[in-house]
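Let's go through this model with a few quick questions, working from strands to metal to helices.

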Amino acid sequence: MSLTDLYREVIVEHYKHPRNKGELPDPTVRVELYNPVCGDEIELKLAVREGRIEAARFTGKGCSISQASASMMTEAIEGRSVEEVAGLVESFKRFLRGEEPAGGAERLGELVALEGVRRFPVRIKCALLSWSALEQSLQKLAAKE
Ligand code: ZN
């Protein structure tokens, strides 16, 4: 199996069986975003306590890239500190731009499966939708403090 096939399987698997999809009662922060180019919708909800993401849930609908990216993102950020998550957002954005992320691509784990979208600017918007929601969530959190 080629790496491309493997990556495609990871994306399809997350799309069919999304992790952390659902509601979160009393979230610390909630951000809803829409990607008009593709029609993707994401609502991200985070429970944050003492500077740490205790829970991340999302709801939404859209293409496999947008939904798989949201699923993988929530898995990657749960349990991490807000600082670590801010660093991960930067790394992932660099990675999608085809640059070497700080600390190397290894720190992105399973997220490297989204590598293929780099060749398709329209798809990058799909992959980044949940991450933009995350970025705005972090900004809202910072404004609360
Ligand atoms: Zn899309």
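Buried here means under 20% relative accessible area, exposed means over 50%, and partly exposed is what lies in between. Keep in mind that this is a predicted model.

Q: Is C38 buried, partly exposed or exposed?
A: The relative accessibility of C38 comes out at 30%. Buried needs under 20% and exposed needs over 50%. So C38 counts as partly exposed.

Q: Where does N35 sit, and which residue is its bridge partner in β2?
A: N35 belongs to strand β1, which covers residues 29–35. That strand runs antiparallel to β2 (residues 40–49), and seven bridges join the two. Within β2, the bridge partner of N35 is D40.

Q: Which face of β1 holds N35, the covered or the uncovered one?
A: R30, E32 and Y34 make up the uncovered face of β1. N35 has a relative accessible area of 4%, so N35 is buried. Leaving aside residues up to four places away in sequence, N35 touches D40, K125, C126 and L129. Together with V29, V31 and L33, N35 lies on the face that is covered.

Q: Which residue in the hairpin of β1 and β2 takes a positive phi?
A: Four residues sit between the two strands of this hairpin. One of the hairpin's residues has a phi near 90°, and that's G39.

Q: Which protein residues donate to the zinc ion, and how are they spaced in sequence?
A: The donor atoms lie 2.1 to 2.7 Å from the zinc ion. Read along the sequence, the spacing is C-x1-D-x22-C-x62-C.

Q: How many residues apart in sequence are the parts that C38 and C63 tie together?
A: C38 is in the loop between β1 and β2, while C63 is in the loop between β3 (52–61) and α2 (64–77). C63 is buried, with a relative accessible area of 14%.

Q: Are α3 and α4 roughly parallel or roughly antiparallel?
A: The axes of α3 (residues 82–96) and α4 (residues 121–144) come within 11 Å and cross at roughly 155°. The contact includes V85, V89 and F92 of α3, and L128, W131 and L138 of α4. Angles over 145 degrees count as roughly antiparallel. The two helices are therefore roughly antiparallel.

Q: Is the crossing of α3 and α4 left-handed or right-handed?
A: Handedness is one more thing to read off this helix pair. Where α3 passes α4, the crossing is left-handed.

Methods. Residues numbered from 1 in each chain as written. Predicted model: local features only at pLDDT ≥ 70, side-chain atom pairs only at ≥ 80, totals over all residues. Heavy atoms only, no water. Buried < 20%, exposed > 50% of the residue type's maximum accessible area, 1.4 Å probe, protein only. Contact = heavy atoms within 4.5 Å. Pairing = 2+ DSSP bridges. Donors = N, O, S within 2.8 Å, 3.2 Å for Na, K, Ca; no water. Axes fitted to C-alpha atoms, helices over the stretch in contact; angles between N-to-C directions. Parallel < 35°, antiparallel > 145°, perpendicular 65-115°, else oblique. Left-handed = near helix turned anticlockwise from the far one by under 90°.
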